[in-house]
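Open the model in your viewer and keep the selection panel at hand. We will go from stop to stop, selecting as we go.

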Amino acid sequence: MDQATDKNAGGLADLRERIDALDGRIVDLLNQRAAISLAVGRVKSDAQEQIFKPFREKDLLTRLVRDNPGPLPEKHLRAIYREILSSSRTLQRPERVVFLGPEGTFSHLAAQEYLGHSAQLTPKTTFEEIFRAVSEGAAELGVIPLENSLQGTVGQNVDLFMQYPVHIQAELYCRISHSLMSRAVSLDKVTSVSSHPKALEQCMHWLTEHLPKARLVPENSTAAAAEQAARDDSGAAVVGSAQLAAMHGLNVLAEHIEDLPDNWTRFLVIGSAPSQGGNRDKTSILFTTPDRPGALAEVLNTLAVRGINLTKLESRPFRGERWKYVFFADVECDLSKAEYDSVLAQLRDKCHTLRVLGSYPAGPHLETMG
């Protein structure tokens, strides 16, 4: 070994010793944090407080990112602390989280990315099962998609808010990227393509151009489609997250096949009670209006006069009432604050019915869903 090589080896050994020492200190600090989390859990249990507090977690991550001197990238810091927070929540009191299954759906990946791998995730076969489980206390939290930037609102979930007394706790945005997977080894062997209808719609131009003769088969979820493709003949393909390929032994035949690259889905985290305390940036409401001219304009003007920005407004047919509609709206303020009591009073006066679904922090944008 020459002198330069010997020097490099010695330097590397010293660096590894320093890393080993730091790792020991990190584990010690994590255990100290875990002990405090257990104590926090006992306090919350005595006070019957919620475990999941998204406003607290957002404030913590914002502060850590602000004070981070580097060179650790912000993305890595956030990923590390999401898992630390996930472990902390589970230590305080394990919470059951339900999502549209099976494992491998975008809802599953979103729940893991946002709530961490320590969360107790349980798949459900329909959106209604998620709402029912949360409203009846069979699960503390549920993760549902509300809208996609290309295909619009998941109307079924808006309808379910009318049926079940659940509350929005948090939101998150995930970039969605689709792949085509199959037991087949090339595109020319593909005879059918299955997936959730929304996923098929988001890739329709690509599918029409590259697989014009393939039969399109809607399934309840992307993951259910992958399970079927893995069992089916080699001509069956599926559209969904590339992670499904490894889970089901499929070949990735094409990646990033969505028609537009800026493809985001907004997910909501729902619970049986309103979120508690903290800085909340948004409020979602459901309302109906009296059957008279200008009724909707009066509601919108009430918000405009107070300078409240309306970021979403969508109408849905009111079930059981022919030609009647219910409106889902997002506003950029915390309507639960006392300063907005007069606004709520005016809205209740001008609406036929009004329900506040929840006030919550504006969600993070996560770019790992593909």
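**Stop one: the largest pocket**

By class, the largest pocket is lined by ten nonpolar, three polar and two charged residues, where Ala, Val, Leu, Ile, Met, Phe, Trp, Tyr, Cys and Pro count as nonpolar, Asp, Glu, Lys and Arg as charged, and the others, Gly among them, as polar. Before you select anything, note that this is a predicted model: local features need pLDDT of at least 70, side-chain atom pairs count only at pLDDT 80 or more, and totals for chains, interfaces and linings use all residues. Residues are numbered from 1 along each chain as its sequence is written, and side-chain values use heavy atoms, with hydrogens and water left out.

Now select Ile26, Leu30, Ile80, Tyr81 and Ile84, which of the 15 lining residues are the closest to the centre of the largest pocket. Its volume is about 460 Å³. A pocket here is an open set of points on a 1 Å grid over the protein atoms alone, with protein on both sides within 12 Å along at least five of seven lines; a cavity is a set of points where a 1.4 Å probe fits but cannot get out, and lining residues have an atom within 4 Å of a point. Grid points are joined across faces, edges and corners, and a volume is the space filled by probe spheres set on the points.

Colour α1 (3–47) and α3 (74–92), each of which supplies at least two residues of this lining. The largest share, eight residues, comes from α3. Helices (H or I, at least four residues) and strands (E, at least two) are DSSP runs, numbered from the N terminus.

**Stop two: α3 against α4**

Axes are lines fitted to C-alpha atoms, for helices over the stretch in contact, and angles run from 0 to 180 degrees between N-to-C directions. Show side chains for Arg82, Glu83, Ser86 and Arg89 in α3, which meet Gln112, Glu113, Tyr114 and Leu115 in α4; contact means heavy atoms within 4.5 Å.

**Stop three: the cavities**

How many cavities of 30 Å³ or more does a search of the whole structure find? It finds two. For the largest cavity, with about 300 Å³ of space, select Phe106, Pro145, His196, Lys198 and Thr265, the closest to its centre of 19 lining residues. Its lining has eight nonpolar, nine polar and two charged residues.

For the second largest cavity, of about 80 Å³, select lining residues including Ser86, Arg89, Leu115 and Leu141. Ser86 and Arg89 in α3 and Leu115 in α4 also belong to the helix contact at stop two.

**Stop four: the sheet**

Finish with an open sheet of four strands, in the order β13-β14-β12-β15, with antiparallel pairing; two strands pair if DSSP finds at least two bridges between them. β13 (310–317) and β15 (353–360) stand at the edges with a single partner strand each, so one side of each is left without a neighbour in the sheet. Between β12 (residues 282–288) and β14 (residues 325–331) there are five bridges. Select leucine 286 and, opposite in β14, phenylalanine 328. Lastly, show helix α11 (residues 295–305), which packs on the sheet and touches β12, β13 and β14.
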